Amino acid sequence: MLEGKRILIGITGGIAAYKAAEVVSRLRKLRAEVHVIMTESAARFISPVTLQSLSGNPVHLDLYAEPRFGTVEHIALADLAEALIIAPATANCLAKIAVGLADDFLSTIVLATKAPLWVAPAMNHVMYHNPVTQENLVRLRERCVRIIGPAAGFQACGTEGDGRMSEPEVIVDEVVRYFTRPALLKGKNAIVTAGGTQEPIDPVRYLTNRSSGRMGYAIAEALQEAGAETILVSAPTALSAPPGVERVPVTTALEMYAAVMERFPDADIVIKAAAVADYRPATAADHKIKKDGTDSNLTLELVPNPDILAELGRKKKPGQVLVGFAAETEHLIQHATEKMRRKKVDMFVANDVTKPGAGFGSPTNIVSFLFPDGRRVDLPQLTKLEVARRLVLEIEAMLGLEVKE
Ligand code: PMT
């Protein structure tokens, strides 16, 4: 399945390093060309000789060793890689990648390669939940690093919790999926909207909401993975667009409206994950609004923004797939179903944004897919990328593009 794919396996120093041997072995059985890079601490947990035998290639440990591969070995390896998987990835390794440190063979390769990067975190559960580790993981996700796991269970330190490295088959499955996923949406044009629009009050203030853009960016990534030409119409966020996705930056709902409407005639798929402001200030002051020296109230007059999704629903031609999102705080299914019917869309993704692990800002989401024929799919808590991939499968099915067995 992975015939000739050039895969680098980075191993860092944790007890789960012994499981990396199985990752390497499985990848070799799938006929991948595997090159192993170990940190010094990893070599204390598992012998490089084991990895050399399993991979069939010399193991890279020392940045200053005599090069066996190209003249500048770490750059040559970084260039040839089609995938880089770090398993296990210790808290220290995640921190180094998050800030861009490059002080050994593995960390220099991380900076030097353009190949997609997967990390499989493995550490004590308190270390995993430490806010610093969590912040580092957020940074990595935002840079499109794919994070596998960790799993929960018994830990080598004698405690129970999450922080165990995902099993080798889970790690290998992720990589196989990446290389073998059929590009069913090849030739299709997709538009995704993401983020929270900003509605100016004056030159320094605006009205907005808590959307981070993560859900929409994950959808763009999943559509791109599935082969669609993807345009991401994005309100301001701190995220960078997934590789291969065209980003159209907008600020206000009116700008988003114009950007989406202009591109809609050529679109096969539109997914509206953005949190669009329903209202904007009637006028934006030319200068910063000053206190008038009294304690009197200030009243802002708000006027409605166009409902982009509803207008797309009215203009939709046969064959175009339109998906809306509903961010609700009560009566999730009832309110989302009403919106779906009113806006005439093909599918609604309903999320109760009051649930921990769902909605605004969170790396995960808990959603239900709703369809006009009354069908409903409730998903468990999943990462936003996993939700996005499930959503893409539904879209492929709507377009009659499912994989035939
Ligand atoms: O960005 P994240 O931090 O990852 O958070 C994700 C999310 C919570 C923003 C996302 O999952 C989500 O629920 N997005 C839709 C938020 C929203 O605005 O919901 P709504 O119920 O107000 O709007 C319903 C639908 O109409 C949405 O598809 C919205 O894009 C669309 N809409 C709303 C108003 C408007 N003027 N024009 C629109 O197109």
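Which residues do ring pairs link into a cluster? Select Trp-118, Tyr-178 and Phe-179: those are the three. Keep in mind that you're looking at a predicted model. Searching the whole structure turns up two aromatic pairs.

Start with Trp-118 and Tyr-178. Their rings sit edge-to-face, with centres 5.1 Å apart and planes at 85° to each other. Now colour by secondary structure: this pair bridges distant parts of the chain, since Trp-118 belongs to strand β4 (residues 117-121) and Tyr-178 to helix α9 (residues 168-180), 60 residues apart.

Is Trp-118 buried or exposed? Trp-118 is buried, because its relative accessible area is 1%, below the 20% cut-off. Tyr-178 comes out as partly exposed because its relative accessibility is 34%.

Go back to Trp-118 and show Arg-146. What lies over the face of Trp-118? Arg-146 does, 5.3 Å from the ring centre.

Last stop: select Phe-371 and Arg-375. Here Arg-375 lies over the face of Phe-371, at 4.0 Å from the ring centre.

Terms used:
Residues are numbered from 1 along each chain as its sequence is written. This is a predicted model: local features need pLDDT of at least 70, side-chain atom pairs count only at pLDDT 80 or more; totals for chains, interfaces and linings use all residues. Side-chain values use heavy atoms; hydrogens and water are left out. Rings of Phe, Tyr and Trp (its six-membered ring) pair if their centres lie within 6.5 Å; planes under 30 degrees apart count as stacked, over 60 as edge-to-face and the rest as tilted. Helices (H or I, at least four residues) and strands (E, at least two) are DSSP runs, numbered from the N terminus. Buried means under 20% relative accessible area, exposed over 50%, partly exposed in between (1.4 Å probe, protein chains only). A charge sits over a ring if NZ of Lys or CZ of Arg is within 6 Å of the ring centre and within 35 degrees of the ring normal.
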